[in-house]
Amino acid sequence: MECSLCTALFCLIALVVVFLIVSLVIMYVMSVPYPDLGRSENEKYFVNPSTSEKIPFPTIHDPASVDLSVIVPSYNEEDRLPAMLDEALDYLEKRQQKHRSFSYEIIIVDDGSKDRTTETAVSYSKKYGTDKVRVLTFEKNRGKGGAVRLGMFSARGKLLLFADADGASKFSDVVKLETELNKINNKDNLCIVCGSRAHLEKEAIATRSLFRTFLMKGFHFLVWFTCVRSVRDTQCGFKLLTRDAAVLVFSNIHIERWAFDVEMLYLAQQLNITLGEVAVTWQEIEGTKMVPVWSWLQMGRDILVIRLRYLLGAWKINSKPKTL
């Protein structure tokens, strides 16, 4: 009897091992070493609403021509986008009035929305001009990571900030990120500073159910254990990058959905990019596109995929995507 149980247990373990080996082999074979950085022909242009002229976007490999680019990934955001843009533009316009040499642009990336996100964004382009507000409209949904990537690749800024369209982060806190970046940036000009909600964790736990708190803690542990240990809050949608850092990380990111932040910071660690983290003012805004349980489970899966594919060498890192 004991012999039969031992045999059955051994067979079960052997089957699990074989299954894992086969799964890893399939994962390796099916993986593409480097991400697809292409875009459709229409995604190479923005429209001047005053003349209806199609104008080509610059590329991130061109020399910077403004001080700050703000990338706003947007999917079905016609309702929440105006408040965020009003706050951002009010701050940026006042800053420009105070410091005449300061220049900026906002690039709203419509990630294949089904509502009037593009029309809403274009109204700001018409009001402020296309030198300050540009709209990049996707033909189909790519995911937040894909939207941020192509927004970055179309930007003119010396510094590049991506900020969520819901306006959950106080926009003027960009100064905190800039201050930290100037403090820790090195001679290579490779630096990323992350806005952080880690200081709000106790308050969040107090308002969440036990199950959601368990999932949150599990997600944070998984991120820490597998990919990123130097940043406590990897998911805050308020991050500032130097132009050279943006070229390096976004030329290598494969994940185009929610977990792209984790891959970005994992790549930053592998590429010796200096990382910083600064507490920002943040508030919960209704209308999130994330489904609390399902989205966290998807991100957990993506994080494991990130770690395994880089560990296996199925995904490779190009440290010189183009002359910086």
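**View 1. Cys227 is a buried residue, with a relative accessibility of 5%.** The model shown here and in the other views is predicted. Cys227 counts as buried because its 5% falls under the 20% cut-off for relative accessible area. Cys227 sits in the loop that lies between α7 (210-226) and β8 (238-242). Leu265 is 38 residues away from Cys227 in sequence, and their C-alpha atoms are 8.1 Å apart in space.

**View 2. Helix α9 spans residues 260-270 and is largely enclosed by the rest of the structure.** The buried residues of α9 are Phe260, Asp261, Val262, Glu263, Met264, Leu265, Tyr266, Leu267 and Ala268. Just after α9, Asn272 has a positive phi of about 60 degrees.

**View 3. A nonpolar patch on the surface is formed by Leu304, Leu308, Leu311 and Leu312.** Together these leucines have about 330 Å² of accessible area. Leu304 belongs to helix α10, which covers residues 292-312. With a relative accessible area of 41%, Leu304 is partly exposed, because this value lies between the cut-offs of 20% and 50%. In an α-helix, residues three or four places apart point the same way, because there are 3.6 residues a turn.

**View 4. The second largest pocket has a volume of about 240 Å³.** Its lining consists of Leu37, Arg39, Lys44, Phe57, Pro58, Thr59, Ile60, His61, Phe153 and Ser251. Sorted by class, the lining of this pocket has five nonpolar, three polar and two charged residues.

Technical notes:
Residues are numbered from 1 along each chain as its sequence is written. This is a predicted model: local features need pLDDT of at least 70, side-chain atom pairs count only at pLDDT 80 or more; totals for chains, interfaces and linings use all residues. Side-chain values use heavy atoms; hydrogens and water are left out. On a 1 Å grid over the protein atoms alone, a cavity is a set of points where a 1.4 Å probe fits but cannot get out, and a pocket is an open set with protein on both sides within 12 Å along at least five of seven lines; lining residues have an atom within 4 Å of a point. Grid points are joined across faces, edges and corners, and a volume is the space filled by probe spheres set on the points. Ala, Val, Leu, Ile, Met, Phe, Trp, Tyr, Cys and Pro count as nonpolar, Asp, Glu, Lys and Arg as charged, and the others, Gly among them, as polar. Patches are made of residues with over 30% relative accessible area and no salt bridge: like charges are joined within 9 Å, nonpolar side chains (Val, Leu, Ile, Met, Phe, Trp, Tyr) within 5 Å. Accessible areas come from the Shrake-Rupley method with a 1.4 Å probe; for residues, only the protein chains shown count as cover. A salt bridge is a side-chain nitrogen of Lys or Arg within 4 Å of a carboxyl oxygen of Asp or Glu. Helices (H or I, at least four residues) and strands (E, at least two) are DSSP runs, numbered from the N terminus. Buried means under 20% relative accessible area, exposed over 50%, partly exposed in between (1.4 Å probe, protein chains only).
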